[in-house]
Amino acid sequence: MIQLALYGKGGIGKSTTASNISAALAAAGVRVMQIGCDPKADSTSALLGGRRAETVIDLIQKRGRDFPLEDMALEGYGGVVCVEAGGPTPGLGCAGRAITAALELLKEKGAYEKFAPDAVIYDVLGDVVCGGFSVPMRAGYAQKVFIVTSGENMAIHAGANIAMAVENFRERGYASLGGIILNRRNVKNEDEKVLELASDVGTEIVGAIDRSDTVQDAEELGKTVMEAFPDSLAAAGYRALARAVAARCGMEVEL
Amino acid sequence: MLEKIGAKIYEDTGVTASEALFPEPFRSGLEYAAPARGMWNIVHTGMLIPESHQIFVCAEGCLRGVVLTAAEMGAIGRLSSVAIREGNVLDGDMEELIIDGASDIIGKLPRRPRAVLIYTSCIHHFMACDLPRVYAVLRERFPDIDFIECFMNPIMRKSGLTPDQLMRRQLYAPLKPLPRDPRAVNIVGSDLPTDDGSDLCRLTRENGFSLNEIARMRTYDEYLGMAKAFLNISTYPSARAGAETLSKRLGQRHIYMPFAFDYGETDAEYAALAGELGVEAPDASAGRDAADLALDRAARTLGGMRVAIDYTAVSRPVQLARLLSEHGFNVTDIYLDSVSGEDRDAFDWVKGNLPWLLFHPTARPAMRVAPRGDGTPVLAVGQKAAYFTGSDRFVNIVENGGLHGYDGIAKLAGLIADAAETPKDARALIQIKGLGCSGGCCV
Amino acid sequence: MRQTARIISVYTADVSGVASALFELGGMVVMHDASGCNSTYNTHDEPRWYDSDSLVFISALTEMDAMMGCDDKLVRDVTEAARELHPRFVAIAGTPIPMMTGTDLEAAALRVERDTGIPSFGLNTNSMHSYLSGASLAFAAIARRFCDGRAEREKGSGLVNVLGMTPLDFSVNGSDGSIRAWLRENGFAVNSVWAMGGTLDEIALSGRADVNLVVSYDGLAAARYLKQRFGTPFVAGVPVGREFSRRLAGELARAAGTGADSAACTLRGDAPPKTAVIGESIYSGSLAAALWLQEGESARVVCPLETERGLLSPSDAEAMDEDDLIPALARCSSVIADPMYAPVCPEGCSFRALASESFSGRIYRDGIPNLINKKIELERTDTK
């Protein structure tokens, strides 16, 4: 089982990227579990065609801890197992604790054994601000962290921050940096800037997704590109990215 | 000036059995803590491991209660602390604080402990402190010490195992697999030693089995030796989960035998135990007769005196109420904040047969000001019942008092009769923490 | 290492300080924390608990409530209790998890007040500071909410408020009564004592006082507020020992006349100190001063709690942790401290036990002497 986590600046396209990678892998016969680690709980919405997974935290609030594992997951496009951690509304409570509690419960209920995914993708919210948000990259969870960025300064800055955190955690045996995913916004010198980031933090660009209307169109349909426009250039891009990301994690997939 | 608020009747200080709902007869909200402190806390329980040292890592306010618990039981030399300050929360160096603090303390101890219980706190959960890493580092640094992961995390009491259940589970974490001794039996998860005269102790010992429990272990090696038993018995409700985990881990059998006040249940439990031991089921009639005799005698001694029972004395207060009532006692009040599953049947019986019996909360805010006693004599079973009824005739036990089986019922009846005849100073007695903990408690 | 204690105790925390300060004033104190956390206060920090009906409760915070920021539940529960029990005010005190999640207790209190009409306030304690911080916040809040403009400073009246009086510093051995008696003997009249043996109504008229006596660090914030609001000067000191008590009475009169504050507790001898007094700065400083005046014993204060430089003399030291304390005591031949400090005193030094409920709780309660306006006689033992 490979486990990888996507981090990056809020709004940079992590969820879109994660969902499309999941869908691409699923289409190639890989059993995928995608876990949204964000109180907004919208990571997997494109895989669920309008359905909304009840978040783990919602379930705990309503039913304590005594509910079947299956209630925590919805099967989405391509058989991707979709889980959302959930958390508090903005400005209240502790989202970091919510992520931690949700992931602990998944483990406690044996989700990894029961769903037996070949690949687990953690989609972690924008700015990592406290301990709880680093749980997806800890021992027992993701082995590789991929940073999603564009050439915009804020995104690069956030990416550098995350890379620094990963480096700080190195001696703890946490996830290592798998690479950078370039989500192009077509800003000036985008490739060069992201290449520089990669070089600075000692990694490589593992794949790039061109800016395209196809991605927007798929979003309007509430679907992934892989589902809505499987023959598009954008879909090909995601397939290549999925293959590269999986390879970085030690899984060779024909896509 | 301090003034007693008058004799106003407050809502939510009592509900008749006929109206009470299972499992929560009362609303939840703010909570009050009565000054009855006999039940054991995690410090008392942790101290049961011989040759061990405790290190608490938490905010100073949280440390206070545990440090003084240790001091009052004469065991301040076995408890150290690491105070979390605001800077640690902001810097996020929580793991280093535990590692460095524990290392510093261990280095200063006059004698190397065999086990160190590290109690982390609520804030460690919220800060997503990487505890597995902390323990991995400490175990590598001090390979001669068994580190036990303990928790002082009351905020998590509705999140899985309660802190009490967790403590009783972790208490046996250092036990490692040993060659099986088919004649060795343990009682696990209880704070107090089980009474030697109890049916449980007699059945096992008289059939040639050794019976161990942590309260009787004098050395660490003796305690580790509990792993050789083929059978673990748990008798206290919050001990059950931990006993099951331990037994599974070590490949031991496990049987749960709560102190029941229902004769049918008692017979079934002992038959099951006999089955596990491979011996004939005991003939319960003599024990039963003795229990009946003691109960009837006590009922006569009380002569209709009101009886109030609480959940701190026995883990099945409602079942006890039923048993006593069926033997002619005038049970009028039960003090509890929720009704346990084990008391469900008794609760339904009480609803039907003692509809005017009053259930009272112990934690609702109004209990702070509700009048304590109305002058009529009450025999209180338990410290909270004594406090809330203002009675000086009370049975001063906690957590079933080590009693079990028919012998336990007979002895409890005896304690009730004694209590009726001999007044006790409730104020002096109920404020002592950890009734029966080793080293005595000085206040 | 900082922040670790191998063997010594730990002081009462700020949340308990709030409850202790407000205990007798007819209000309701709510500790916003998990179930059971209030029993530390009830058992170890409040000698008045068993016999009184003072309203101190815990909110029984759970992981889910904290994680999801369920402040509505807190407001609902507090409002319900307040409606049933009719306290004169409501104080909601914070603890580590609410601090971490940034819970706005002041906002919660505002909602309670709006719903019940009962004056309510939130206090940002977090269990990581001592009782002095908490009690200080509580007294200051009372000052702001209740010491209203109806009162005016009555110069020359000899009226005094005593600020910072809790059993955590003074136990329940009659010290509060002795301070009142001492004031009367010296020609003063007691307006109020914050907050033992008196009422909220007396405290509300604190603006009348000629001068204020601050007997613990936790009374200082309220004293400063009263100074700013009513112009009342204050003197920091506890009337312990006969000679120092006389001196302090003189300081009080002088302050009343001149309007200038003073820290009488900083008086020390000029000989190098061989005795260390460990404890809260105003009480310990007053004791050091009293020993000097009584028998020429030169002592320094080693203060493990919050204080200010202005309350310490140059020879005094601050030592928050066990590891700071041990070197600070190294050259002492005599220590006066709570018995639970004995294990960290230098070998061969003479130890005089003076227990404080804020440190050892109820363990030595019966032996805590009332030193107010009396000769100081403490039994010496030798530390092994």
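This is a predicted model: local features need pLDDT of at least 70, side-chain atom pairs count only at pLDDT 80 or more; totals for chains, interfaces and linings use all residues.
Reader: What makes the radius of gyration of chain B agree with that of a compact globule?

Author: The radius is taken over C-alpha atoms, and the globule rule is 2.2 Å times the number of residues to the power 0.38. For 443 residues a compact globule would have a radius near 22 Å, and chain B has 23 Å, so the value agrees. Along the principal axes, the C-alpha atoms of chain B fill a box of roughly 65 × 65 × 35 Å. Chain B holds 17 helices and 14 strands, helices being DSSP runs of H or I with at least four residues and strands runs of E with at least two, numbered from the N terminus.

Reader: Why is strand β2 of chain A called mostly covered?

Author: A residue is buried if 20 or more other C-beta atoms, placed from the backbone, lie within 10 Å of its own, exposed if 12 or fewer do, and partly exposed in between. In β2(A), residues 32-37, six of six residues are buried. In a regular strand the side chains alternate between the two faces of the sheet. Both faces of β2(A) are covered, with A:Val32, A:Gln34 and A:Gly36 buried on one side and A:Met33, A:Ile35 and A:Cys37 buried on the other.

Reader: How do you know that β2(A) pairs with β5 and β4 of chain A?

Author: Two strands pair if DSSP finds at least two bridges between them. Strand β5(A), residues 119-124, is joined to β2(A) in the parallel sense over six bridges, with A:Asp123 as the bridge partner of A:Gly36. Strand β4(A), residues 81-84, is also parallel to β2(A), over four bridges, and there A:Cys82 is the bridge partner of A:Gln34.

Reader: Which residues make up the contact between chains B and C, and how many are there?

Author: Two residues are in contact if their C-beta atoms, placed from the backbone, lie within 7 Å, and the contact takes 57 residues from chain B and 58 residues from chain C. On the chain B side, α2(B) gives the most, with 10 residues. That side divides into 31 nonpolar, nine polar and 17 charged residues, where Ala, Val, Leu, Ile, Met, Phe, Trp, Tyr, Cys and Pro count as nonpolar, Asp, Glu, Lys and Arg as charged, and the others, Gly among them, as polar. Strand β3(B) also pairs with β1(C), residues 4-5, in the antiparallel sense over two bridges, and B:Ser81 has C:Ala5 as its bridge partner.

Reader: Why are β13 and β16 of chain C said to stand at the edges?

Author: Six strands of chain C form an open, mixed sheet in the order β13-β12-β11-β14-β15-β16. Strands β13 (317-318) and β16 (380-382) each have a single partner strand, so one side of each is left without a neighbour in the sheet.

Methods
Residues are numbered from 1 along each chain as its sequence is written. Chains are lettered from A and ligands numbered from 1 in the order in which they are written.
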